[in-house]
Amino acid sequence: MQLTDQERAMLDGTEGAAKQKAMELLVRYGEALGAERLVDTNNIAGVPGSSNLFLRDYYKDVGNSYEAIYSLFDLDSDEVVSVPKVSAYSCHLQGGMDPALWAEQGMGRDAFEHFQKDEAEVAGHGIQLLKTCTPYLAGNVPVKGEHCAWMESSAVVFCNSVIGARTNTEGRESTSAAMLTGKIPDWGFHLDAYRRGTHHIEVEVSVDDVFNWGMLGYFIGDAVQENIPVVTGKIGHANLIRHKHFGAAAASSGGVEMYHVVGSTPEAATLEMAFGSRKPVDTIRYGKRERRKVYETLNSVGTNPNVDYVMLGCPHAAIEQIWEVANLLEGKKLHSSCNLWLFTSRSVKAVADANGYTKTILGAGGLVMTDTCSAIGRTMPQGTKVVALDSAKQTHYLPAMMGVEAWFGTTRDCINAALTGRWSGEAP
Ligand code: F3S
């Protein structure tokens with residue numbers, strides 16, 4: 001790889017051992033990718049140095065400190081080095097527990113105390129504690145063309161497709177190295193040529209709500225896997241929440257990191273612009289039959305209509321979604337055998353608190369949680385057997401991870417299930 005003088009100096013250790021280890025890792029990574037150079041980044045989202053009880057105990061022989069985990073685990077160093085404050089604007093993505101409702105999530109005090117210590121180290125190193133899979137809803141909104149280094153598949157696909165900023169799906173190691181150096185390999189989605197569409201998706205049924213956008217995303221991810229779909233046809237009005245659910249679904253059933261919706265996303269004003277000089281390798285239609293099949297797939301692990309847990313907020317809920325849930329629950333009570341947990345970021349919850357939405361949801365018997373979700377935290381109300389979800393992504397993961405049955409439907413279907421204890425959603 002070609003390195004600048006500044007990059008070479010970091011690699012030579014002029015700026016300290018941690019930056020040297022970080023540069024060594026980035027150069028190895030870049031060479032494996034075939035990158036010719038590094039690119040500057042000042043927007044990084046990862047989970048730097050963070051640990052849970054398992055990692056803490058795993059590293060007990062080397063003192064299990066934040067610096068030990070950052071050095072040995074994140075930077076792949078063979079020695080513990082002193083880790084300075086980050087050099088680039090960096091944020092922490094979602095973690096494993098709610099800072100206030102950890103006991104409700106079934107976590108012990110030992111885990112909570114470790115979480116507090118860990119968080120103080122993250123903040124002390126200059127990393128913003130956004131603690132969400134939707135950093136773009138919590139204060140980190142890049143601009144079109146900006147080079148980022150983000151983890152979290154739903155955030156990556158949103159960053160590339162909806163914002164038009166540039167990131168590959170990075171890992172813990174590369175983001176932690178980028179935070180110290182402000183560099184990431186100039187490869188993949190950082191380059192114009194890589195961002196053009198590969199598959200044309202023609203939508204033949206009306207897709208005009210979050211539920212349908214989620215199902216379409218799930219269909220497309222499965223159909224194109226890691227390629228770049230270009231969507232045209234009867235796809236209705238786009239908004240942030242629809243894109244959020246669409247991209248998260250496409251990144252779950254497949255590995256979609258970027259998509260274009262012609263006339264909507266920033267690099268697809270026209271079909272020609274979306275494909276550039278490429279010809280579509282395939283044209284795939286999405287009609288009634290395909291929609292029905294997606295719905296059936298997502299509901300294939302639901303047989304028992306007695307729902308005991310409704311989980312909302314995957315990806316983390318926007319304030320508009322919390323407002324919707326509060327309106328649906330206003331003056332009502334959850335069924336005695338059903339729990340409702342809604343997940344969001346700390347900053348969005350602060351707005352929900354101020355607006356009285358948290359109080360309304362609490363009054364109905366639900367909880368608003370932050371920082372994590374049922375899949376990431378592996379946390380559900382005790383005894384859960386049947387879950388209702390409005391997220392195709394969470395439906396993809398949660399039953400497989402936690403061995404529960406799941407129903408997928410609209411937010412309203414889920415709230416009805418929470419109020420009655422029974423699933424009554426119907427296929428579109
Ligand atoms: Fe976020 Fe959890 Fe879904 S981290 S994208 S809410 S699986």
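Reader: How do the residues of the shell around the ligand divide into nonpolar, polar and charged?

Author: The sorting goes by residue type: Ala, Val, Leu, Ile, Met, Phe, Trp, Tyr, Cys and Pro count as nonpolar, Asp, Glu, Lys and Arg as charged, and the others, Gly among them, as polar. Here the shell holds 5 nonpolar, 5 polar and 2 charged residues. A word on the source: this is a predicted model, where local features need pLDDT of at least 70, side-chain atom pairs count only at pLDDT 80 or more, and totals for chains, interfaces and linings use all residues. Residues are numbered from 1 along each chain as its sequence is written, and side-chain values use heavy atoms, with hydrogens and water left out.

Reader: Which residues are around the ligand?

Author: A residue is near a molecule if one of its heavy atoms lies within 4 Å of it. Around this ligand you will find Gln94, Cys133, Glu152, Ser154, Gly313, Cys314, Pro315, His316, Cys373, Ile376, Lys393 and Gln394. Strand E10 (309-317) and helix H16 (392-402) are the elements that give two or more residues to this shell, and E10 supplies the largest share, 4 residues. Helices (H or I, at least four residues) and strands (E, at least two) are DSSP runs, numbered from the N terminus.

Reader: Why does the ligand lie between domain 1 and domain 3?

Author: Domain bounds come from an automatic or database domain assignment. Domain 1 (5-192) and domain 3 (299-420) both give residues to the shell, so the ligand lies between them.

Reader: Which peptide bond is cis, and what is its omega?

Author: Most residues other than glycine have a negative phi, and most peptide bonds are trans. In this model, a cis peptide bond joins Cys314 and Pro315, with omega about -15°. Pro315 belongs to strand E10, and both Cys314 and Pro315 are among the residues around the ligand.

Reader: What is phi at Glu152, and is Glu152 buried or exposed?

Author: Glu152 has a positive phi, near 80°, although it is a residue other than glycine. Look for Glu152 in the loop between strand E4 (149-150) and helix H6 (153-163). Buried means under 20% relative accessible area, exposed over 50%, partly exposed in between (1.4 Å probe, protein chains only). Glu152 is buried, at 15%. Arg378 also is not a glycine and has a positive phi, about 50°, but Arg378 is exposed, with a relative accessible area of 53%. Its place is the loop between H15 and E13.

Reader: Where is Gly383 found?

Author: Gly383 is in the loop between helix H15 (374-377) and strand E13 (386-389). Gly383 is exposed, with a relative accessible area of 53%. The C-alpha atoms of Gly383 and Asp308 are 8.5 Å apart, while the two residues are 75 residues apart along the chain.

Reader: What is the strand order in the open sheet of 4 strands?

Author: Strands of a sheet pair through backbone hydrogen bonds, either parallel or antiparallel. Two strands pair if DSSP finds at least two bridges between them. The order here is E8-E7-E6-E9, with parallel pairing. Strand E8 (260-261) and strand E9 (282-286) are the edges, each pairing on one side only. Strand E6 (residues 199-207) is joined to E9 by 5 bridges, and His200 stands opposite Thr283 in E9.

Reader: How many bridges join strand E11 to E12?

Author: Strand E11 (residues 339-344) runs parallel to E12, and 4 bridges join them. Val368 in E12 is the bridge partner of Leu342.
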